[in-house]
Amino acid sequence: MREAPSVTGWMREARFGLFVHFGVYSMAARHEWVRSYEEIGDAEYQRYVDHFDPDLFDAADIARTARAAGMRYVVLTTKHHDGFCLWDSAVTDYTSAKVCGRDLVAEFVAAIRAEGLRVGFYHSLIDWHHPDYVIDGIHPLRGAPDVSALNSGRDMGRYRAHLHAQVRELLTSYGPVDLMFYDFTFPWKRGGRPGKGPEDWDSPRLLEMTRALQPGIVVNNRLGIPGDYVTPEQYQPDRPLTQDGVEVMWEACQTLNGSWGYHRDNLEFKDPGDVVRMLVQSVSNNGNMILNVGPDGRGNLEPRARAILRSVADWMRLHARAVHGAGPAPFAPPAHGVYTLRGNRLYLHLFSWPFKHVHLPGLAGRVEYAQLLGDGSEVGLSSLDSTPQPHAHLAPLPQAADTLTLTLPVTR
Ligand code: JFZ
């Protein structure tokens, strides 16, 4: 894994981003893989394209929501696996521009930049719509058709040219792009049918072009070759990640309810406390978190997502300094908590409050002052003879809080 600190510097500092999955699948409202899961043919899927009218897609609203939540970058699906494009591509008519006269990528970039946030593009390498894309193990296919017959005439060389042309459009038409999230490479067989490897995309050349067109860009590792960061999906690493013994930048991508695309009937939402815990766990292990929203078929951010983001915004308003520019601390945290460190400030995020004292292993004589971060109130600090560890002696709290943060200036 090649790591260029100058390239990933802003991303490490940012720590928290917003992922936006939006496309014609948002109208089906039952997962962005609906076409594959339900084996929907191209002609049948066309109904979502024909009726696509995202009248409530408001990029400025998305940008404001992200900024309020303390997110520093936003990544939009320019094209997902279904092949439908959210920009005015010259190499296909399967676009929002042709269908509803809007270049949603252009709207997105303008709005995100206007809020002072970094711009990221998610771009699917997989394409279930393109006539040259060779049918593989995850392709939507009904029944047990003769795949080799269906594949005759399909030519990955032509698809590759299309893919590279589309990426070139995205990286030359919208000004500076800060991040590219390619998705994804799966060189394994499924259902007796092959997957797709880096050679299918010509990943080395695609990566080279990406960097040539956008010298400052951060690229993920889902081209199947090393990039600038790795992308653990829907799990939280519990330690810094390494590759070949070298620490590597990582970003956990997380959904609000298990689905990336809008899923109307999925009620399994995380609560805001979970989201905050995942975020500080990421930072404490030197990683980022990108939290996803799936706008609905009209492009609106649903109330359930808004409510969670509003709570996260409330938390971030008071605690952002323990996240932005923060990283792991070289101390073992007390039970039920994690540390994040920024300069000489050590933040202890307690997931549950102990009955009375919080012991701080290894910090004897090293803590100058302790306070709650949320309201700046002093927290009693003492070192008792009977214990080798200093412990914060905490005044009884008015109510049980989800996550508490202590600011502990450490002498080092
Ligand atoms: C992919 C997509 O299929 C999914 O729809 C969503 O966009 C998500 C962010 O990315 O899902 C993946 C891709 C790669 C892995 C897991 C899920 N992986 O390598 O483990």
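# Confidence, a helix and a sheet in a predicted model

The protein averages a pLDDT (the predictor's confidence in each residue, from 0 to 100) of 92, and 92% of the residues score at least 70. This is a predicted model, in which local features need pLDDT of at least 70, side-chain atom pairs count only at pLDDT 80 or more, and totals for chains, interfaces and linings use all residues. Residues are numbered from 1 along each chain as its sequence is written.

Trainee: How far apart are the end C-alpha atoms of helix 9?

Mentor: Helices are DSSP runs (H or I, at least four residues) and strands are E runs of at least two, numbered from the N terminus. The expected span is 1.5 Å times one less than the number of residues. Helix 9 has 17 residues (156–172), so the span should be 24 Å. The model agrees, with the end C-alpha atoms apart by 24 Å.

Trainee: Which residues of helix 9 are buried, and what arc do they cover?

Mentor: A residue is buried if 20 or more other C-beta atoms lie within 10 Å of its own, exposed if 12 or fewer, and partly exposed in between, with C-beta atoms placed from the backbone. In helix 9 the buried ones are L163, Q166, V167, L170 and L171. They lie on the same side of helix 9, because the arc, taken from the directions from the helix axis to the C-beta atoms, is only 130 degrees.

Trainee: Which residues are exposed on the other side of helix 9?

Mentor: The buried residues of helix 9 pack against elements including strand 2 (73–79) and helix 11 (203–213). On the other side, the exposed residues are G157 and T172.

Trainee: Which residue in strand 9 stands opposite G17?

Mentor: Strand 1 (residues 16–20) and strand 9 (residues 287–293) run parallel, joined by five bridges. Opposite G17 stands I290.

Methods: Contact = placed C-beta atoms within 7 Å. Pairing = 2+ DSSP bridges.
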